[in-house]
Amino acid sequence: MQVTRTLFNAAQKATTGLFGLAVHPNPKSHLIKTYRRTLETLTQIPPTAVYRQATEALTQHRLSIIESSDNIKEIENRIGAGIIEEIIWQAEDELKLIAKVKEWKIQVSNVKSNKSILSVLIILSLCSLIYATTEEFIEIPRGVPKSKASLYERKGPNWTCLDGSGFIPYEAINDEYCDCADGSDEPGTSACPNSKFYCKNIGHIPAYISSSRVNDGVCDPECCDGSDEYDGKINCPNKCEEFGAEYRKHLKEMEILRAQGADKKQEYIKYGQKLKIELLNSLDFAIVDLNAAKIKCADREAELKKLEHLEKIKSESSPIPVKEYNERMKKYRVKIKGLKDQINVLQGNVDALSKILQDLKNGHNQNENDITIVKSAITAYDEFLDNNKGLEDFNVQDNEEDEKEDEILMGDHKVPPVHVPEIKKTIVDMVYGFLGLESNESQDRSDESETSRAEKDRKELENKINDLKIKLSKDHGKQDEFAKLDGECFEYDSGEYTYSICMFGAATQKSNKDHSSTHLGNFQKWSGAQSESDPGYYTQQIYANGLRCWNGPERSVKLNLECGIENEIISVVEPEKCEYHLKMKTPAVCPDNPFIDSNKHDEL
Ligand code: MAN
């Protein structure tokens, strides 16, 4: 019966399902021969060598299993190291290894005395070989990873469930009967629903699948080595090499993109740090300027107060009624008019005298004693004097009057009183304007405007300092890598709506039908993790307090950031009413060192 079964197995198996591993026509006798040769060759290594002891024990253990059964499936199950062809492959490798170990041992003894470095290297190599062999010796049941091999180590005839719920014969592991409450006794079968099956997936990435999927007649893509379908019902070819190669190619491409993303991030960091320094410098300067402006303001105010005080004193000591001022103003107007007339008369005189002299010059003959022209000049001058009689008197009288008026107007003061500002302004402007001078009044006004200018400067500087402080207080990431994005807006068209995010600003949803716009919220905080020190902290932003949803919450946005070489929103979903989840790629979250972080195999 058993022979028939063996023959049936061999006849039925058209392929091992493992790439490059052919079905062996006579696995049992081949294995027996290989193991016997292994045991024989091991005798050439000193019996004290740990390697020899471990390999001998493993080989004898496997040989005894093989010799005790003709059922290949049973042999495979009990050895628990894959299908029979894999076991043959391991046995042949072991045999080859013994020859090498023998050689190394000889080399080690030859150089023992002084080649210490070489010795260390060889010993290290041997250590790793022994470790590997020892692990195999631990006898790993199907569906258990190497990392958990020690939990299944055979320490006697019985074995304890991992949760302590049962104590079963070691052979009951993977016997298709669920003994342990945690399913730990059936890692390689579908007997326990809560158990997990480990696929080695050599050439790709190892994976766990639910053990209920073991031998269910479906080739699970997670188990690319097909090891979950071992009962022969279905042949699942080993695709791990193929998948692994594709995956590695993908990783390589991702690595290149990450490197480009990382380069851009470095630019962002430089930009952010430069900006910060500039802002800090501007803040320093603005603070210095503000202090100066404050001092200037205080000076101006003091000056103004002083002037006001002086003018108050003057006005109090010389209270001239409005009526009197009006009269005086009239008089001044008249006087000014008189002065202007006088100027005109004087100008006329100058012109007349110039003409007399010009005629004398033109009519005089230099070669003769020309008395006629001199006489007519004298006559013209006499006429001129007759016509301008009283000119001196007029001037004298005018000057005296001026002085008198000045005395009346000013008294002891140089500046007119301030309690009649209109009059004061008119008179002073007129007099000063006429004399071509700047009045004290306009000096006062320029004092006032200088004060308000200083005040304006002070306010502007205070606003500038506030703005700078707001900018500096923004959290632009651990290395200021997000400063570059501050204020930048990105859009995503989902068909019905166009979503936009202005980084650190507002999020909006615009209808593509009627172009109406809905406010989804303003930037509130970073939320990728609890603590800023967590690397994930700067991978998510919250935009909150958007327009309230009908019978619901205020709209809000979660913006998830992932590494990419461009800034772009790649998806938008609304998992809960009025809660929007946006995914965006940006160099700002790329790893600083893409070659270290790529081991995590994060998708770009
Ligand atoms: C609008 C949009 C949607 C939202 C509903 C809630 O239609 O803002 O995203 O779900 O309002 O009423």
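# Disulfides, salt bridges and a sheet

User: How many disulfides does the count come to?

Analyst: The count comes to eight disulfides, a disulfide being a pair of cysteine sulfur atoms within 2.5 Å. The model is predicted: local features need pLDDT of at least 70, side-chain atom pairs count only at pLDDT 80 or more, and totals for chains, interfaces and linings use all residues. Residues are numbered from 1 along each chain as its sequence is written, and side-chain values use heavy atoms, with hydrogens and water left out.

User: Are Cys199 and Cys223 buried or exposed?

Analyst: Burial is read from relative accessible area: under 20% is buried, over 50% is exposed, and values in between are partly exposed (1.4 Å probe, protein chains only). Cys199 has 0% relative accessibility and therefore counts as buried. Cys223, with a relative accessible area of 3%, is buried as well.

User: Where do Cys224 and Cys240 lie?

Analyst: The disulfide of Cys224 and Cys240 has its sulfur atoms 2.1 Å apart, and its 105° about the S-S bond makes the link right-handed. Cys224 is in the loop between S4 and H7 and Cys240 is in helix H7, so the link ties together parts 16 residues apart in sequence. Both cysteines, Cys224 and Cys240, are buried.

User: What is the angle about the S-S bond in the link of Cys549 and Cys578?

Analyst: That angle is 55°, and the link of Cys549 and Cys578 is right-handed. Their sulfur atoms are 1.9 Å apart. The pair connects distant parts of the chain, 29 residues apart, with Cys549 in the loop between strand S9 (540–545) and strand S10 (556–563) and Cys578 in the loop between S11 and strand S12 (579–586). Cys549 and Cys578 are both buried.

User: How many salt bridges does the count come to?

Analyst: A salt bridge places a side-chain nitrogen of Lys or Arg within 4 Å of a carboxyl oxygen of Asp or Glu. Under this rule there are 20 salt bridges. One of them joins Lys274 and Glu278, at 3.5 Å from N to O. These residues stand four apart in helix H7 (residues 240–317), and are therefore separated by about one helical turn. Lys274 is exposed, at 53% relative accessible area, whereas Glu278 is partly exposed, at 39%.

User: Which residue forms a salt bridge with Asp486?

Analyst: Asp486 pairs with Lys474, and the closest N and O atoms are 3.0 Å apart. Both residues lie in the loop between helix H12 (440–473) and strand S5 (489–493), so the pair ties together parts that are 12 residues apart in sequence. Asp486 is partly exposed, with a relative accessible area of 25%, and Lys474 is partly exposed at 33%. Elsewhere, a network of salt bridges links Arg213, Asp220 and Glu222.

User: What order do the strands of the open sheet have?

Analyst: Two strands pair if DSSP finds at least two bridges between them. The open sheet has eight strands in the order S5-S6-S7-S8-S9-S10-S12-S11, with mixed pairing. S5 and strand S11 (568–576) are the edge strands, each pairing on one side only.

User: How many bridges join S5 to strand S6?

Analyst: Five bridges join S5 to strand S6 (residues 497–502), and the two run antiparallel. Within this pairing, Asp493 has Thr498 of S6 as its bridge partner, and Tyr492 stands opposite Tyr499. The S5 and S6 hairpin has three residues between its strands, and Gly495 there takes a positive phi near 105°. S6 is also joined antiparallel to strand S7 (residues 506–511) by five bridges, with Gln509 in S7 as the bridge partner of Tyr499. The hairpin of S6 and S7 likewise has three residues between the strands, and Phe504 in the turn has a positive phi of about 65°.
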